[in-house]
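Hi everyone, thanks for coming. Please take a look at the structure on the screen before I start.

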Amino acid sequence: MFYRPKDGHGLPHNPFNAIVSPRPIGWISTRSASGHENLAPYSFFNAVAYIPPQVMFSTVGAKDSLRNLRETGEFCVNLVGANQIAVMNASSEALGFEEDEFAHSGALRAPCRDIACSRVEDAPASLECKVTQIVPLEGKDNFAIFGEVVGIHMREDCVIDGRFDVVHARMLSRLGYRDYAEVTEVFELTRPND
C-alpha cells in the first residue's frame, strides 16, 4: 500500500502514529509565571543531542504547557513507568488553566532543583530543561519545543550496576491509535566499529 497524506489513506484510522513507534512519552510539567502548575503527556517526544543533552516535544494547539514555558523558559520531562499509566492518563484530561493536573490526577509532586516547576516524584527519571527554541511547524498551531537538559533525576531503584535499567523502570511507550507498550526485554548489539 502507498498513500500520500494530503490525499488520505482510506483506512478506518490514520496509520502514521502506528508506523512511527514506539515513542517515549514526555510527561511535561511546567509552571506559569503566576505559579499555576501543569502536567500533560506528549507522545511526540525524544532526545535530540548528547552534548549538551537536549530534548524536544511537539504540541498541537496553544496548550497550557506551551503558554507556561513561553512565560518562564523552563519545563521538566518526566518519563513514565507502566505503574503510572492511570495517573498519566488522568493528567491528559483537558482542564482549565488554573486547575492543577498534579492534584487532579493524583501525581506525586516533588520540587525540581534548578528550575521552578515541580516534577513527578516517582517517575523513573525526570529531566529539568531550559527552553532553547520554540519552532512553529507546518499546519495549524503545530509547535516543536527544544530544551537543554540542565538536571537529571533518576529513581534510585532504577540504577542497577551503574546503568539506568529500563526493564526495571518498566518504561512505557506510545504506539499508534490507543496502544501503548511496556519495555519488558532488551538485548545488546555491538556496532562494527565498537
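I'll talk about the sheet and then about some aromatic rings.

A quick note: this is a predicted model, where local features need pLDDT of at least 70, side-chain atom pairs count only at pLDDT 80 or more, and totals for chains, interfaces and linings use all residues. Residues are numbered from 1 along each chain as its sequence is written, and side-chain values use heavy atoms, leaving out hydrogens and water.

Let's begin with the sheet. It is open, with 7 strands in the order S3-S2-S6-S9-S10-S5-S4 and antiparallel pairing. Strands here are DSSP runs (E, at least two residues), numbered from the N terminus, and two of them pair if DSSP finds at least two bridges between them. S3 (37-42) and S4 (45-49) stand at the edges with a single partner strand each, so one side of each has no neighbour in the sheet.

Now, the rings. How many aromatic pairs does a search of the whole structure find? It finds 2. Rings of Phe, Tyr and Trp (its six-membered ring) pair if their centres lie within 6.5 Å; planes under 30 degrees apart are stacked, over 60 edge-to-face, and the rest tilted.

Tyr42 and Phe57 make a tilted pair, 4.8 Å centre to centre with 50° between the planes. Tyr42 is in S3 and Phe57 in S5, so this pair ties together parts 15 residues apart in sequence. Phe57 and Phe75 have centres 5.4 Å apart and planes at 70°, so that pair is edge-to-face. Phe75 is buried (under 20% relative accessible area; exposed is over 50%, partly exposed in between, with a 1.4 Å probe and protein chains only), at 0%. Together, ring pairs link Tyr42, Phe57 and Phe75 into a cluster.

Key:
Helices (H or I, at least four residues) and strands (E, at least two) are DSSP runs, numbered from the N terminus.
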